[in-house]
Amino acid sequence: MQSYFFELSDFAESLLAASEVVLLAFSGEESSFVRFNRSAVRQAGAVEQRALALHLIADRRRVTTHVTVSGDESLDRERIRRAVEASRERLGIVPEDPFLHYATEIRSTESGHPNRLPEDEGQVVESIVKAGKGRDLVGIYMAGGIHRGFANSLGQRNWFSTYSHHFDWSFYLDGDKAVKCAYAGFVWNPAEFEEKVARAAAELEALRRPARTLKPGRYRVYLEPQALEEVVGLLRWGGFGLTAHRTRRTPLLRMIAGDAALDPSVGMVEDTAAGHTANFDDAGFIKPDRITLIDRGKFGDPLVSARAASEYGVPANGAGRRESPESLSMAGGSIPRRDVLTALGTGIFVNNLWYLNYSDRDACRMTGMTRFAAFWVENGEVQAPVNVMRFDETLYRMLGENLVGLTREVELLPDSNSYGSRSTRSVRLPGALIDDFALTL
């Protein structure tokens, strides 16, 4: 794909008039998908697709056209020719963009992760079916290569490839009772998968006990990484971008103003080097390997898109137009994962959260529901599943004054979205032990 994309980029460049600049952003994948229900394969298939976003620029005007790439050189060249011609016609009627900004310093790169996925995908499928024997396993397995490219008529060429797997699954019991799990990475490790299966199976057995309904109040809770992901996921939208900060729409307004902080053990970075996403954006700006978002509980550096860089007069750092983290990583703490029940003592073990939203955005106060497997724990021993409850808490209490500690281990949790194409976003998170957590309903 790489050489073919660059060949098409050279061809697009040959079609330009003297005053024109072209930027081309490439996305492609070769992915396998296997769906499971009742511990059996229900659907299997593969997708191979390629697409270009062609940006034609002249006189501070830009027109973007999307082109599907077939792999047939004559057909693809004709599609690009028509895209350039159609874009040129539209350039005369679109207004100037005062914040148009793209990279003019040539910085060509090639990066990514090698293909270390199993050659025999059937063995992975067999291990999943085996894990579900005697249980109702439902989920989707996705694996394969994801590719991104950038080229411009100034001579810059960038390429990124990654090969990963993601198995998003649940052991379903009945009603609203299930154990939600995920296993993802660049290498399929049978021992790691079996460990996750064993842990999920133990939680499934605990779900069979009579459920307990708790009264609203404040409880000691442990949030699994995938539960904390929902909290961080809400924070990602508007929490870290320069535009949201300058317009004072960020939910971290109090932190930026210096009126509030998180626990000093809390650190978050945009860890592009360790993630699934490309180290360049669609304007040609190179992303740093790491951007410190939160340092020892205090706000670090914002994510800056090309447009925001132009509008506010600061350097771009490769963020997309939404200025949302794509490879967020949170530092772990000192609690071993195997000891979380002991550390929890008496309280609630929360496997998953959902339906989160802000109840007070300026205060970074969030509300949401427990989901699937949540358990009442006494003296470090699971006693009963807990019926669904609503929480209402601020980030500053959860990860600030009431944070007891974080797990030593962090878990890779890629975005499972595959609508249109597989997502390259991911987070790496520990579990969090929290005191005085408010359950309101």
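I began with Trp-159, which is buried at a relative accessible area of 4% (buried is under 20%, exposed over 50%, partly exposed in between, with a 1.4 Å probe and protein chains only). This is a predicted model, where local features need pLDDT of at least 70, side-chain atom pairs count only at pLDDT 80 or more, and totals for chains, interfaces and linings use all residues. Residues are numbered from 1 along each chain as its sequence is written, and side-chain values use heavy atoms, with hydrogens and water left out.

Next I looked up ring pairs (Phe, Tyr and the six-membered ring of Trp, centres within 6.5 Å; planes under 30 degrees apart are stacked, over 60 edge-to-face, the rest tilted). I got 20 aromatic pairs. Phe-6 and Trp-159 are edge-to-face, because their planes stand at 75°, with the centres 6.4 Å apart. Phe-6 lies in helix 1 and Trp-159 in strand 6, so the pair ties together parts 153 residues apart in sequence (helices, H or I, of at least four residues and strands, E, of at least two are DSSP runs, numbered from the N terminus). Phe-6 also counts as buried, at 18%.

I then checked Tyr-222 and Phe-349, a tilted pair at 5.4 Å centre to centre and 40° between the planes. Tyr-222 sits in strand 8 and Phe-349 in strand 13, 127 residues apart. Tyr-222 is buried at 2%, and Phe-349 is buried at 6%.

Last, I visited Ala-274, in the loop between strand 9 and strand 10. Ala-274 is partly exposed at 26% and touches Phe-186 and Arg-428, leaving aside residues up to four places away in sequence (contact means heavy atoms within 4.5 Å).
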